[in-house]
Amino acid sequence: IKYAANSFLALKISYINEIGQLAERVGADIRQVARGMGLDERIGTRFLQAGLGWGGSCFGKDTAALIATAAEYGLSMPIVEAARTINRRQREAVVEKLLAELKILKGRTIGLLGLAFKPDTDDLREAPAVDIAKSLMARGCKVKVHDPVALEGFRAQNAENGNLVFCETEEEVADDADAIVLVTEWQQYRSLNWEAIGARMRSRIILDGRLALDRNALLQLGFKYLAIGL
């Protein structure tokens with residue numbers, strides 16, 4: 001029951017992210033699509049937030065366990081497997097969007113706001129930030145990271161990586177950054193002084209990985225606003 005329930009919730013998140021990819025292509029707003037879907041009481045609004053996908057200890061472990069259990073009995077679980085594939089693809093989309101905007105990633109400085117897989121935890125298991133940071137560094141980027149709770153845990157896991165800069169404040173992340181990615185939607189990031197943040201950046205590019213920021217306000221401050229699903 002636990003494997004089936006958590007796999008269903010993981011699938012629901014991956015589904016809205018797949019619809020988000022289509023919405024982005026056709027010019028729709030995935031937030032409005034999700035809101036409209038959620039009005040159907042059979043579907044509901046929970047677990048329909050498009051973005052970088054799911055992490056944490058439960059969804060990844062339980063979807064893998066369900067697939068493995070089925071395999072022991074000669075069955076495949078293509079829907080659950082697809083949910084996992086889409087979840088990985090959301091993280092790759094961040095790098096693809098930055099590459100499309102910056103053209104060259106080698107030598108660039110990218111800031112990541114948020115490391116934990118969700119707000120109000122220090123849990124880094126299956127966190128999107130981990131994969132995103134690795135992918136950016138593999139392409140020659142310097143990656144500056146901040147999290148109000150999970151920074152020390154991330155530092156402990158990556159202390160010897162010279163391409164990582166561990167920042168105590170959001171302003172440090174912004175210094176000379178070519179772009180900033182909002183990875184975890186901590187409340188304090190929503191209310192940052194973005195004008196001051198932009199003044200410290202090399203170029204005012206923000207990738208909103210959680211659709212949590214005020215797009216119009218950022219555009220008025222001269223930011224290039226990128227998002228997953230928009």
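## Asparagine 158 and helix H6

Leaving aside its neighbours within four places in sequence, asparagine 158 is in contact with Leu164 and Phe166. The model described here is a predicted one. Asparagine 158 belongs to helix H6, which covers residues 151-158. Its relative accessibility is 17%, so asparagine 158 counts as buried, the cut-off for that term being under 20%. A polar atom of the asparagine 158 side chain lies 2.9 Å from the backbone oxygen of phenylalanine 154.

An α-helix has 3.6 residues a turn, so residues three or four places apart point the same way.

## Helix H2 and its cap

Helix H2 spans residues 30-38, and its residues Ile30, Ala34, Met37 and Gly38 are buried. They cover an arc of only 95° around the axis, which puts them on the same side of H2. Helix H1 (2-26) is included in what covers these buried residues.

The N-terminal end of H2 is capped by aspartate 29. In this cap, a side-chain oxygen of aspartate 29 lies 2.9 Å from the backbone nitrogen of arginine 31.

## How H1 packs against H2

Two packed helices are described by the angle between their axes and the distance between the axes. For H1 and H2, the axes come within 9 Å and cross at roughly 135°. H1 and H2 are therefore oblique to each other, and their crossing is right-handed. On the H1 side, the contact is made by Tyr15, Ile16, Ile19, Gly20 and Ala23. On the H2 side, Ile30, Val33, Ala34 and Met37 make the contact. Ile30, Ala34 and Met37 are also among the buried residues of H2.

## How H1 packs against H4

H1 also packs with helix H4, which covers residues 78-102. The angle between H1 and H4 is about 45°, and their axes are 9 Å apart. This pair is therefore oblique as well, and H1 passes H4 in a left-handed crossing. H1 contributes Ser7, Ala10, Leu11, Ser14, Asn17, Glu18, Gln21 and Glu24 to the contact. H4 contributes Ile79, Val80, Ala83, Ile86, Asn87, Arg89, Gln90 and Lys97.

Glutamine 21 is found in H1 and is partly exposed, with a relative accessible area of 26%. Leaving aside its neighbours within four places in sequence, glutamine 21 is in contact with Ile86, Arg89 and Gln90. With arginine 89 there is a polar contact between the two side chains, at 2.7 Å. Glutamine 21 and serine 135 are 114 residues apart in sequence, and their C-alpha atoms are 20 Å apart in space.

## Aspartate 62 in helix H3

Aspartate 62 is found in helix H3, which spans residues 58-72. At 0% relative accessibility, aspartate 62 counts as buried. The side chain of aspartate 62 makes a polar contact with the side chain of lysine 2, at 2.6 Å. Apart from neighbours within four places in sequence, the contacts of aspartate 62 are Lys2, Tyr3, Asn6 and Ser7. Ser7 is also one of the H1 residues in the contact with H4.

## Two loop residues with positive phi

Phenylalanine 47 has a positive phi of about 65° although it is not a glycine. Phenylalanine 47 lies in the loop between H2 and H3 and counts as partly exposed, at 25% relative accessibility.

Aspartate 120, which is not a glycine either, has a positive phi of about 65°. Its place is the loop between strand E1 (109-113) and helix H5 (128-138). Aspartate 120 is exposed, with a relative accessible area of 69%.

Note on methods
Residues numbered from 1 in each chain as written. Predicted model: local features only at pLDDT ≥ 70, side-chain atom pairs only at ≥ 80, totals over all residues. Heavy atoms only, no water. Buried < 20%, exposed > 50% of the residue type's maximum accessible area, 1.4 Å probe, protein only. Helix = DSSP H or I, 4+ residues; strand = E, 2+ residues; numbered from the N terminus. Arc of directions from axis to C-beta. Contact = heavy atoms within 4.5 Å. Polar contact = N/O pair within 3.5 Å; in protein donor to acceptor, adjacent residues only side chain to side chain. Axes fitted to C-alpha atoms, helices over the stretch in contact; angles between N-to-C directions. Parallel < 35°, antiparallel > 145°, perpendicular 65-115°, else oblique. Left-handed = near helix turned anticlockwise from the far one by under 90°.
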